[in-house]
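Please look through the sequence and the model below, and keep both at hand while reading. The paragraphs that follow begin with a pocket and then turn to the packing of helices.

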Amino acid sequence: MSNSPWNVKNRRRRAPQPLTPQSAQVKHVPLTPPASDPVPTEAPRRRPRRVSKHQAPQVNQAQAAPKPQRKRQPVSKVYLGIVAALLVFAIITGTLFLINRQRMNQLVEERAAEAQRILDFKQSHYRVRERSGYHDLIKKYAEEYRISPSFLSAIIKCESSYDARAVSRVNARGLMQIMPDTGTWLAGRLDLKNYQPDALFDPETNIRFGAFYLAYLSDMFAGSPVMVASAYHAGANNVKHWALTRAEDKKTITLDMIPMDDTRSYVRKVMDAYAIYFEQDEGGTADLPGMQLFDLQRIGAGK
């Protein structure tokens, strides 16, 4: 009994034996293993999907490599200053451009208005001469006395504006505003019999007398249009006096040398009208106010 392994009394204990695979202890391991990390089970493999020849293979976005993100650099104050300066420069440049554009448009409009005013001024001179019906008489007596028909037309325009019945406050008459006593003197020079002052209202007589008188003044003042027009308005003796006291050569005066305001204004108007009619009659442009009367100058030079 004492040798029975089941005897609980004084029995002799054996030393612990190492565990071996053949040991009985291994055979009696607990049915439930101790808790430990679970072993991951392998997911069932999917069969690869067949890709059609005409279908591009799909890329798994999750498997794609993530793009590296750029770190935002702090904006420097120098860069901000440059951007601000460029913005201010653009604003100032745009404002100046708009201002200059407005000034340019205004200048173009002013020039267009001035050109239209000059054109209207010219047309008024052309119309009044054509409508008067005296253009043929002007050309006839201008050719007879060898003076410029343009200058003769200018005198008529400034004296009466082609009104054959015009009378001034000093009793000057007709188209060229000839005084009655001057008409009597001209009738004697032209050897007209039975002359009467009322004959100055006759357009042909008035134009003939005026053309002859302009040729006479042209001989006296060497064909200078300024001096001829001045003498026609203020008298030949006054013009001679102005030349002696104001001109360097004691012979020729210019527009700015005329001391009388009304005569200077009258001569300026004659020169403007002369340039307008000269442009139409001769197809050229007259330079005023120092332009010479070509036909009158020929007479003054004895040609």
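In what follows, Ala, Val, Leu, Ile, Met, Phe, Trp, Tyr, Cys and Pro count as nonpolar, Asp, Glu, Lys and Arg as charged, and the others, Gly among them, as polar. The model is a predicted one, in which local features need pLDDT of at least 70 and side-chain atom pairs count only at pLDDT 80 or more, while totals for chains, interfaces and linings use all residues. Residues are numbered from 1 along each chain as its sequence is written, and side-chain values use heavy atoms, with hydrogens and water left out.

The largest pocket holds about 520 Å³ of space. Of the 20 residues that line the largest pocket, Glu 159, Val 170, Ala 172, Gln 177 and His 233 are the closest to its centre. By class, the lining of the largest pocket comprises eleven nonpolar, six polar and three charged residues. Helices α4 (149-160), α5 (180-189) and α7 each supply at least two residues of this lining, and α7 gives the most, with three residues. A pocket here is an open set of points on a 1 Å grid over the protein atoms alone, where a 1.4 Å probe fits, with protein on both sides within 12 Å along at least five of seven lines; lining residues have an atom within 4 Å of a point. Grid points are joined across faces, edges and corners, and the volume is the space filled by probe spheres set on the points. Helices are DSSP runs (H or I, at least four residues) numbered from the N terminus.

Which residues carry the contact between α7 and α9? Pro 225, Val 226, Ala 229, Ser 230, Tyr 232, His 233 and Ala 234 in α7 meet Asp 262, Thr 263, Tyr 266, Val 267, Val 270 and Met 271 in α9, where contact means heavy atoms within 4.5 Å. This contact of α7 with α9 has nine nonpolar, three polar and one charged residues. The axes of α7 and α9 (residues 261-282) come within 9 Å and cross at roughly 130°, axes being lines fitted to C-alpha atoms, for helices over the stretch in contact, with angles running from 0 to 180 degrees between N-to-C directions.

Helix α7 also packs against α8 (residues 236-246), with axes that come within 7 Å and cross at roughly 130°. Here Met 227, Ser 230, Ala 231 and Ala 234 in α7 meet Ala 236, Asn 238, Val 239, Trp 242 and Ala 243 in α8, a contact with seven nonpolar, two polar and no charged residues.

Finally, α6 (residues 203-220) and α7 (residues 225-234) pack at an angle of about 120°, with their axes 9 Å apart. Tyr 213, Leu 214, Leu 217 and Ser 218 of α6 make this contact with Val 228, Ala 231 and Tyr 232 of α7.
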